[in-house]
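Hi,

Here is the structure I said I would pass on.

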Amino acid sequence: VESGRRLVDSPVVALLPEDAANRQMRAMMKAMGQEIPAAQAVLEVNPRHALIKRLESLRHDQPELSALVAQQLADQALLSAGLIENPQALVKRMNDLLQRVI
């Protein structure tokens, strides 16, 4: 996890190394039954984003809820990068989060 300056509208982004297979290549390799090489993504956080600022204060007041929100932000970044292998787990965590806040 790194703090970044490139993000403007997004709270987080998952960045892959330049030599890693992109989302389309990973999908094609999976469809062909080929082994997909592991890639270590870097999660870049936008410390100026309102969600990240609120998450910091939430961390002290409601640590369990802040952990759920942080996990969801990471999941969203990984999903956007095409790196989520188990979307059902992401949906379950999102439902847990929604149940907590509604």
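Let me start with the helix pair: helix 3 and helix 4 cross in a left-handed way (left-handed if the near helix is turned anticlockwise from the far one by less than a right angle, right-handed if clockwise). Before going on, note that this is a predicted model, where local features need pLDDT of at least 70 and side-chain atom pairs count only at pLDDT 80 or more, while totals for chains, interfaces and linings use all residues. Residues are numbered from 1 along each chain as its sequence is written, and side-chain values use heavy atoms, with hydrogens and water left out.

Back to that pair. The angle between helix 3 and helix 4 is about 145°, and their axes are 10 Å apart (axes are lines fitted to C-alpha atoms, for helices over the stretch in contact, and angles run from 0 to 180 degrees between N-to-C directions). On the helix 3 side, the contact is made by E64, L65, L68, V69, Q71, Q72, D75, Q76 and L79; helix 4 brings L90, R93, M94, L97, R100 and V101. Contact here means heavy atoms within 4.5 Å.

Two of those residues, E64 and R100, also form a salt bridge, at 3.7 Å from N to O (a side-chain nitrogen of Lys or Arg within 4 Å of a carboxyl oxygen of Asp or Glu). E64 lies in helix 3 (residues 63-80) and R100 in helix 4 (residues 87-101), so this pair ties together parts that are 36 residues apart in sequence. E64 is exposed, with a relative accessible area of 59%, whereas R100 is partly exposed at 40%. The cut-offs are under 20% relative accessible area for buried, over 50% for exposed and in between for partly exposed (1.4 Å probe, protein chains only).

How many salt bridges are there in the whole structure? The search finds 4. In helix 2 (residues 50-61), E56 and R59 are 3 residues apart and so separated by about one helical turn; their salt bridge has its closest N and O atoms 3.0 Å apart. Both ends are partly exposed, E56 at 39% relative accessibility and R59 at 46%.

There is also a nonpolar surface patch of about 300 Å², made by M25, M28 and M32. Patches are made of residues with over 30% relative accessible area and no salt bridge, joining like charges within 9 Å and nonpolar side chains (Val, Leu, Ile, Met, Phe, Trp, Tyr) within 5 Å. M32 is in the loop between helix 1 (23-31) and strand 3 (42-45), and counts as exposed at 52% relative accessibility.

As for the overall picture, the protein has 4 helices and 3 strands, running β-β-α-β-α-α-α from the N terminus on. Those are DSSP runs numbered from the N terminus: helices are H or I, at least four residues, and strands E, at least two. The C-alpha atoms fill a box of roughly 45 × 30 × 20 Å along the principal axes. Of the 102 residues, 27% count as buried. The accessible surface comes to about 7,300 Å², with 55% of it belonging to carbon and sulfur atoms (Shrake-Rupley method with a 1.4 Å probe; for residues, only the protein chains shown count as cover).

Cheers
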